[in-house]
Amino acid sequence: HGDIMLAHDHLRRSVLQEMFALGLRMRAGNDGEPRIDRPALLDHQMKGLDGKPLDLCQFEGRAIIVVNTASKCGYTPQFEKLEGMYKRYRDKGLVVVGFPSNDFRQELATNAEVGEFCRLTYGVQFPMAEKTSVTGDSMNPFFRQLAAATKQSPRWNFHKYLIAPDGRTVHSFATGVEPDAPEV
């Protein structure tokens with residue numbers, strides 16, 4: 001009986017280690033029984049530019065382009081291509097999520113100003129998080145996870161991460177790579 005318990009305990013540890021390696025989390029279901037949940041990468045909640053909750057879990061199973069944005073940057077015209085891609089492919093499962101940041105000193109002062117600029121100048125309708133940090137010690141936990149997954153942190157505005165529909169595979173694209181470039 002002791003050997004069976006030891007083998008069961010070893011198997012349980014192995015399964016949990018494998019789940020952790022895949023970025024999966026274990027949670028209790030409604031019935032109290034443990035179940036595998038969404039990828040840890042999507043397990044982030046924040047506020048949108050409008051102050052309403054923005055839960056990345058809602059994008060599970062979709063391709064997600066994550067981009068750190070700035071309103072007063074030479075790359076700001078990429079908003080046009082990002083919005084175009086969002087409109088063209090959202091019904092096929094693509095979502096674009098913008099993360100305004102003043103880390104490179106090129107963002108407007110308030111979330112309201114950022115939201116107004118994006119809507120009026122580029123017609124942005126894709127989800128936008130509130131202003132956040134995407135580099136350094138105060139890096140947003142979501143960006144910290146993206147940087148760890150790709151070994152690349154944003155070096156400037158409009159760095160793009162593409163999260164595959166599996167929620168685990170992440171690709172990184174530097175600022176100069178246009179959103180509609182073939183590699184993306």
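Me: Where in the chain is the place of S133?
Reply: A quick heads-up: this is a predicted model, where local features need pLDDT of at least 70 and side-chain atom pairs count only at pLDDT 80 or more, while totals for chains, interfaces and linings use all residues. Residues are numbered from 1 along each chain as its sequence is written, and side-chain values use heavy atoms, with hydrogens and water left out. Helices (H or I, at least four residues) and strands (E, at least two) are DSSP runs, numbered from the N terminus. On that numbering, S133 sits in the loop between helix 3 and helix 4.

Me: Is S133 buried or exposed?
Reply: Buried means under 20% relative accessible area, exposed means over 50%, and partly exposed is in between (1.4 Å probe, protein chains only). S133 has 12% relative accessibility, so S133 counts as buried.

Me: Which residue's side chain does the side chain of S133 join in a polar contact?
Reply: A polar contact is a pair of N or O atoms within 3.5 Å; within protein, one must be able to donate a hydrogen and the other to accept it, and residues adjacent in sequence count only if both atoms are side-chain atoms. The side-chain partner, at 3.1 Å, is D103.

Me: How far apart in space are S133 and D103, C-alpha to C-alpha?
Reply: Contact means heavy atoms within 4.5 Å, and the residues that S133 touches, not counting those up to four places away in sequence, include D103 and S101. Along the sequence S133 and D103 are 30 residues apart. From C-alpha to C-alpha, the distance in space is 6.1 Å.

Me: How many disulfides does the count come to?
Reply: A disulfide is a covalent bond between the sulfur atoms of two cysteines, and here the rule is a pair of cysteine sulfur atoms within 2.5 Å. Take two cysteines: C57 is buried, with a relative accessible area of 11%, and C118 is buried too, at 2%. By the distance rule, the number of disulfides is 0.

Me: Which residues are linked in a network of salt bridges?
Reply: Side chains of opposite charge can pair when their charged atoms come close. A salt bridge is a side-chain nitrogen of Lys or Arg within 4 Å of a carboxyl oxygen of Asp or Glu, and this structure holds 2 of them. One joins E178 and K81 at 3.4 Å, N to O, and K81 also pairs with D180, with the closest N and O atoms 3.6 Å apart. So the network is made up of K81, E178 and D180.

Me: How many residues apart in sequence are the parts that K81 and D180 tie together?
Reply: K81 is partly exposed, at 34% relative accessible area, and D180 is partly exposed as well, at 44%. K81 lies in helix 2 and D180 in the segment after strand 8, so this pair ties together parts of the chain whose separation in sequence is 99 residues.

Me: Which residues have the most contacts inside the largest nonpolar core?
Reply: In soluble globular proteins, nonpolar side chains tend to be buried together. A nonpolar core is a set of buried Ala, Val, Leu, Ile, Met, Phe, Trp, Tyr and Cys residues joined through side-chain atoms within 4.5 Å. The largest one here has 42 residues, and among the elements giving two or more residues to this core are strand 5 (63–69), helix 2 and helix 4. The residues with the most contacts inside it are V66 and F142.

Me: What is the phi of F158, roughly?
Reply: F158 lies in the loop between helix 4 (141–150) and strand 7 (160–163), and F158 counts as buried at 0% relative accessibility. F158 is not a glycine, yet its phi is positive, at about 65 degrees.

Me: Is R105 buried or exposed?
Reply: R105 also has a positive phi, near 60 degrees, in a residue other than glycine. Its place is in the loop between strand 6 (94–100) and helix 3 (111–122). With a relative accessible area of 66%, R105 is exposed.

Me: What percentage of the residues in the protein chain is buried?
Reply: The protein chain has 4 helices and 8 strands, running α-β-β-β-β-β-α-β-α-α-β-β from the N terminus on. There are 184 residues in the chain, and the buried share is 45%.
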